[in-house]
Amino acid sequence: MDNNRQSSLFDSPAPRGPLASRLRPRDLSEFAGQTHLLAEGKVLRTMIDRDMVSSMIFWGPPGVGKTTLARIIAGCTKSEFVNFSAVTSGIKEIKEVMNAAERMSLMGAKTILFVDEIHRFNKAQQDAFLPFVEKGSIILIDATTENPSFEINSALLSRCHVFVLQALSQEELTQLLKQALSNLRGFGGQNIHITDQMLGVIARFANGDARVALGTLEMVILNGETDESGTIVTPEILEQCISKKSLLYDKNGEEHYNIISALHKSMRNSDVDAAIYWLARMLEAGETPLYVARRIVRFASEDIGMADSRALEIAVAAYQACHFIGMPECSVHLTHAVTYMSVAPKSNALCVAYEDAASDARNMLAEPVPLQIRNAPTRLMQDLGYGDGYVYAHDTEDKLSDMQCLPDSLAGRKYYKPTTQGQESRVKDRLEQIEEWKKRQT
C-alpha cells in the first residue's frame, strides 16, 4: 500500500508523540472494534446516545480501547473526566477525588471517574467508591483485564453494568493501520511504501492489541529505508522489528487454521514429534499461547476423555502456566501438555455421547422431568407428587437404585458408550456391573 501524497514546505509539521497517542479516537466514529457494543441499536451505544450512562465495568485484554472509550463517553455526555490509577492511588486520594466530584454534582455537573486496573485495589479501597456510586455523585467506569467476578467486590459489582470488550480482529487492526498511514495525525502526507501483506503480518503479530499494532507500525517505518521516493519498509526490516518469521502464517489467515488442525490431528494420531513441530510453528509465528492452550484443553476431553482423565488436569495446568508467565517461558509447559496428549490413550466416547444427547435435547425440548427426581420445596409440590418414589442412593446397601431418571420417551437410551482404551476400560467394566445389578432388581 503506497501513500503517494507529496510533502512540501507548506505542510504542517509532523505530529509529535507515540503514534498510538496521536491517533487516539476522539469520538465513536473513529473508534475501532467493539461493534457488538457500539453498533447502532446496541445497549452501550444506546446508553451513550441517550445520555443515560450509569456506572459500568469494562473487562477486556490490553489495547482494546478501555480508557479511550471512557474518554469518548465523557465527551459525548458532557461530563468531567477524571482518570484514576489503581496502581498509584490509595483511599485518601479516592476520598479527595470523590468529595470534589460530589461538589461538582451539587452544581449540576456530571463526573465520570475512570479507574484503570481496578482489580489491583484491595477490598477497603474498592468499598470507598460505594457510597458515591449509590448517591450518584459520580459515574464510575472501571477497567480490568481480570474476571470481575473474582477480582471486584460483589457490592460494587452489583451496582455496575459489565461490558466485555473483545480483542480486535485481524481485519480491524489492518484497517486501523491503513488509517494510520492516511491520517494526518499519523503518517498522512508522507510517502510510506509498505505492502498490505506486511500490514497483515503486523496485525497478526499484535494479537488483538491496537497499541501493539500501532507501535509496531511506527517502529518499522522509523527503521525503514529512505530514498527520493519516500520511506520503504522491507520484509527484512519488518522481521527484525517483530522478531518473527513473516512467512509462517499466510496473509489471509488460512494457514492459521491449517496449522492448528495439524497440531490437533497429530496429537490424535499419537505422533508426538509432529505435534511438537506444529506447536513450535504456531508459537514462533507469534500465536498467543493461551489460544493454543485452550485448544489443548478441548482436545483433552474430545479425544482422550475417560481413557485418561489426567489429560484434562494437565491441559488446564498448562493453560494456567501460560497465563502466569507467558511467552517464551511457557513454551515448555505447552510442549509438556502436547506430549502428554499425544501419548495418552484415545477415546472420543464423551464427544459422541454429548452429540447424541444434544440431538435428543434439541428435538425433545418439552420432555417433562420425571416426578421422582423433582424437588418438592412447597406443600403444593408435595401434594402434586413431586419427589414421590425418589430413592437416595447413599441410603442403599449397594449405593445404587433402579430409579428412572430419563423422561419416559427416552427410557433406556444409551449415550455414553465407553471404549476399552486406557482407564476407560475400567469405566466400561463398572457400567456393566451397574447394568447387571439393575437387571437383577427386575
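Is Gln34 buried or exposed, and what is its relative accessible area? Gln34 is buried, with a relative accessible area of 4%; buried stands for under 20% relative accessible area, exposed for over 50%, and partly exposed for values in between, computed with a 1.4 Å probe on protein chains only.

## Basis of the model

The structure is a predicted model, in which local features need pLDDT of at least 70 and side-chain atom pairs count only at pLDDT 80 or more, whereas totals for chains, interfaces and linings use all residues. Residues are numbered from 1 along each chain as its sequence is written, and side-chain values use heavy atoms, with hydrogens and water left out.

## Confidence

The mean pLDDT of the chain (pLDDT being the predictor's confidence in each residue, from 0 to 100) is 84, and 92% of the residues score at least 70. Helix 18 (residues 331-343) has the highest confidence, at a mean of 95, and helix 5 (residues 91-106) the lowest, at 75. Helices (H or I, at least four residues) and strands (E, at least two) are DSSP runs, numbered from the N terminus.

Two segments have pLDDT under 50 throughout. For residues 2-14 the model has 21 contacts beyond four places in sequence, a contact being heavy atoms within 4.5 Å. For residues 245-252 the corresponding number is 20.

## Overall architecture

The chain contains 21 helices and eight strands. Its radius of gyration is 29 Å, well over the 22 Å that the globule rule gives for 442 residues, so the chain is more spread out than a compact globule. The radius is taken over C-alpha atoms, and the rule is 2.2 Å times the number of residues to the power 0.38. The C-alpha trace spans about 95 × 65 × 40 Å along its principal axes.

Of the 442 residues, 41% are buried. Among contacts with a separation of 6 or more, 72% join residues 24 or more positions apart.

## The surroundings of Leu140

Leu140 belongs to strand 4 (residues 139-144) and is buried, with a relative accessible area of 0%. Not counting residues up to four places away in sequence, Leu140 touches Ser55, Met56, Leu113, Val115, Phe129, Val133 and Leu156. The C-alpha atoms of Leu140 and Leu113 are 5.0 Å apart, although the two residues are separated by 27 residues in sequence.

## Backbone features in loops

Gln34 lies in the loop between helix 1 (19-22) and helix 2 (35-38). Its phi is near 60 degrees, a positive value in a residue other than glycine. Lys78, also not a glycine, has a positive phi of about 55 degrees and is placed in the loop between helix 4 (66-76) and strand 2 (80-85). Lys78 is exposed, with a relative accessible area of 72%.

The peptide bond from Met327 to Pro328 is cis, with omega near 5 degrees. Pro328 occurs in the loop between helix 17 (310-325) and helix 18.

## The second largest pocket

The second largest pocket holds about 700 Å³ of space. Its lining comprises 21 residues, with Gly412, Arg413, Lys414, Glu435 and Lys438 nearest its centre. A pocket here is an open set of points on a 1 Å grid over the protein atoms alone, where a 1.4 Å probe fits, with protein on both sides within 12 Å along at least five of seven lines; lining residues have an atom within 4 Å of a point. The volume is the space filled by probe spheres set on the points, which are joined across faces, edges and corners.

The lining divides into nine nonpolar, three polar and nine charged residues. Ala, Val, Leu, Ile, Met, Phe, Trp, Tyr, Cys and Pro count as nonpolar, Asp, Glu, Lys and Arg as charged, and the others, Gly among them, as polar.
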